Amino acid sequence: MNAASSSPAEQPVRLRAHHLLCMLTFIGEGYSPTFVAEYRRIVARLGAGAEIEIVAGPDDICAPICHAAGEHCHNESVQDRDRRAAASVTALLGIEIAPGARFRLDAARLSRLRHAFATGTIRAACADCEWAPLCDGIAASGFEGVLLACRA
Ligand code: SF4
């Protein structure tokens with residue numbers, strides 16, 4: 001783990017492991033205008049170098065809608081998606097992706113993640129995801145229109 005600390009004023013962005021993949025293809029679409037607005041805010045923070053803290057279960061992206069999504073966010077299938085994403089991103093970045101891990105994105109890490117996403121080497125977590133055709137198309141386009149970009 002590449003540990004880094006946060007100032008008291010800057011809380012880490014709490015992410016479950018498979019959202020390390022989903023954030024790569026976020027183009028500003030989602031379940032509701034409120035969800036999208038908050039997701040945009042999170043992506044802006046990540047791009048500005050905010051620290052990420054890996055969590056188990058609902059995170060800053062999905063927790064606000066988990067009540068409406070029923071048990072989905074807690075389902076074993078979604079937890080398995082997290083495990084598969086954690087394993088592939090750990091292997092790619094050399095950062096142990098596990099609850100409590102903290103690290104920051106930078107342009108080099110983001111580029112490695114997107115390249116690996118496009119070539120399929122970190123897509124095991126995407127199996128059976130209903131959004132996979134959308135994410136496949138975004139990757140195939142060279143990530144046209146995605147919102148996450150790192151300043152450094
Ligand atoms: S296919 Fe599903 S799990 Fe994979 S990045 Fe897209 S939304 Fe996330």
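Which residues are around the ligand? Keep that in mind as you open the structure, which is a predicted model.

**Stop 1: the ligand shell**

The residues around the ligand are Leu21, Cys22, Arg81, Phe117, Arg123, Cys126, Cys129, Trp131, Ala132 and Cys135. Colour them by class. Eight are nonpolar and two are charged, and the shell has no polar residues.

**Stop 2: the largest pocket**

The ligand takes up the space of the largest pocket. The volume of this largest pocket is about 720 Å³. Its lining has 32 residues; His19, Cys22, Tyr31, Cys129 and Trp131 are the closest to the centre. Select the helices next. α1 (19-22), α2 (33-47), α4 (76-93) and α6 (132-140) are the elements that give two or more residues to the lining. Highlight α6 in particular. With four residues, α6 gives the largest share of the lining of the largest pocket. Then colour the whole lining by class. It holds 22 nonpolar, five polar and five charged residues.

**Stop 3: the second largest pocket**

Which residues are the closest to the centre of the second largest pocket? Select Ala56, Gln79, Asp82, Arg83 and Pro99, the closest to its centre among the 13 residues of its lining. The second largest pocket has a volume of about 180 Å³. Now pick out α4. Four lining residues of the second largest pocket come from α4, the largest share. By class, this lining divides into eight nonpolar, two polar and three charged residues.

**Stop 4: the sheet**

Hide the surfaces and go to the strands. Three strands form an open sheet in the order β1-β2-β3, and the pairing is mixed. Why is one side of β1 and of β3 left without a neighbour in the sheet? β1 (13-15) and β3 (102-104) stand at the edges and each has a single partner strand, so one side of each has no neighbour in the sheet. Turn the view to follow the twist. From one strand to the next, the twist averages 35°.

Zoom in on β2 (residues 51-54) and β3. These strands pair in the antiparallel sense, over three bridges. Select Glu51 and look across to β3. The bridge partner of Glu51 there is Arg104.

**Last view**

Note on methods:
Residues numbered from 1 in each chain as written. Predicted model: local features only at pLDDT ≥ 70, side-chain atom pairs only at ≥ 80, totals over all residues. Heavy atoms only, no water. 1 Å grid on protein atoms, 1.4 Å probe; cavity = no way out; pocket = protein on both sides within 12 Å on 5 of 7 lines; lining within 4 Å. Points joined across faces, edges and corners; volume = space filled by probe spheres on them. Nonpolar A, V, L, I, M, F, W, Y, C, P; charged D, E, K, R; others polar. Near = heavy atom within 4 Å. Sits in = over half its atoms within 2 Å of the grid points. Pairing = 2+ DSSP bridges. Axes fitted to C-alpha atoms, helices over the stretch in contact; angles between N-to-C directions.
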